[in-house]
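Dear colleague,

I am passing on the structure that we spoke about, and below it you will find an account of what came out of it. Please read the notes with the model open beside you.

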Amino acid sequence: MRGGAWGRERSEPEAVAKFKLPDPHRGVWDTIEHLARPDLFLAKAAQDLKPGGHIAITTGDIGSLFARFRGKGWRMIHPPTHLHYFSAKSLSALLERTGFEVVHVSHPGVTRNVQSALYIILALKLGMPGLFRLVRVMRIFDFSLTVNLHNIMFFVARRRV
């Protein structure tokens, strides 16, 4: 994204690409959950942005129905790399406390290549790499699929004037 970014950058999800952020802005993709002090990070971001500047954040939603259903088995639960888990309510409150006004919250889907998912299931989880090689040669699963479990959040917040 133009305007720079803190943390790890990656290609923008489709929902992010559709949301046009006015300059100046910062993007924080899948990073805030890794920070020891996300409050200090956001306070610094607010300090660095001009009034009216925007920050965009993606992270998991611990308050989602799917996350609650999966509990400790939810794919976003993996200490020690994830130090914090946010719900839409808790991240909104943190942004408000650190000088931002939330202007957008959504839960975009995730697109995965089906063949890659089969590799994880067959070769890695079930220990059947030969079956995966057979499936790969057939190429019938070489396509992508988008699934939305509503457990990933996309936030945009504006620095208060």
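In what order do the elements of the chain run from the N terminus on? They run α-β-α-β-α-α-β-β-α-α-β-β, which amounts to 6 helices and 6 strands, where helices (H or I, at least four residues) and strands (E, at least two) are DSSP runs numbered from the N terminus.

Before the details, a word on the basis of these notes. This is a predicted model, in which local features need pLDDT of at least 70 and side-chain atom pairs count only at pLDDT 80 or more, whereas totals for chains, interfaces and linings use all residues. Residues are numbered from 1 along each chain as its sequence is written, and side-chain values use heavy atoms, with hydrogens and water left out.

**The chain as a whole**

Of the 161 residues of the chain, 35% count as buried, a word that stands here for under 20% relative accessible area, with exposed for over 50% and partly exposed for what lies in between (1.4 Å probe, protein chains only). The accessible surface comes to about 9400 Å², and 60% of that surface belongs to carbon and sulfur atoms; such areas come from the Shrake-Rupley method with a 1.4 Å probe, and for residues only the protein chains shown count as cover. If one takes the contacts (heavy atoms within 4.5 Å) in the chain with a separation of 6 or more, residues 24 or more positions apart account for 75% of them.

**The sheet**

Four strands form an open sheet with mixed pairing, in the order E1-E2-E6-E3, and two strands are taken to pair if DSSP finds at least two bridges between them. In general, strands of a sheet pair through backbone hydrogen bonds, either parallel or antiparallel. The edge strands, each of which pairs on one side only, are E1 (25–29) and E3 (100–106). On average, and with direction ignored, neighbouring strands of this sheet are turned by 20 degrees against each other. Strands E2 and E6 run antiparallel and are joined by 7 bridges, and Ile57 has Phe155 of E6 as its bridge partner. Helix H4 packs on the sheet, where it touches E2, E3 and E6, and its direction makes about 20 degrees with that of E6; axes are lines fitted to C-alpha atoms, for helices over the stretch in contact, and angles run from 0 to 180 degrees between N-to-C directions.

**The cores**

A nonpolar core is a set of buried Ala, Val, Leu, Ile, Met, Phe, Trp, Tyr and Cys residues joined through side-chain atoms within 4.5 Å. The largest one has 17 residues, of which Leu42, Ile55, Ile57, Leu91, Leu95 and Phe100 touch the most other members. Two or more residues of this core come from each of H2 (38–48), E2 (54–60), H4 (88–97) and E6 (152–159), and H2 gives the most, with 4 residues. Leaving aside residues up to four places away in sequence, Ile57 touches Val28, Trp29, Ile32, Leu42, Leu91, Leu95, Met153, Phe154 and Phe155. There is also a second, separate core of 6 residues, which includes Leu118, Leu122, Ala123 and Val135.

**Individual residues**

Is Thr59 buried or exposed? Thr59, whose place is in strand E2, is counted as buried because its relative accessible area is 3%. Its side chain is joined to that of Glu33 by a polar contact of 2.7 Å, a term for a pair of N or O atoms within 3.5 Å of which, within protein, one must be able to donate a hydrogen and the other to accept it, while residues adjacent in sequence count only if both atoms are side-chain atoms.

Asp30 lies in the loop between E1 and H2 and is buried, with a relative accessible area of 16%. Its phi is near 50 degrees, a positive value in a residue other than glycine. Asp30 is also among the residues that Thr59 touches.

His150, in the loop between E5 (144–147) and E6, likewise has a positive phi, of about 55 degrees, although it is not a glycine; with a relative accessible area of 45%, His150 is partly exposed.

Lastly, the peptide bond from Pro79 to Pro80 is cis, with omega near 5 degrees, and Pro80 sits in the loop between H3 (65–70) and H4.

With kind regards
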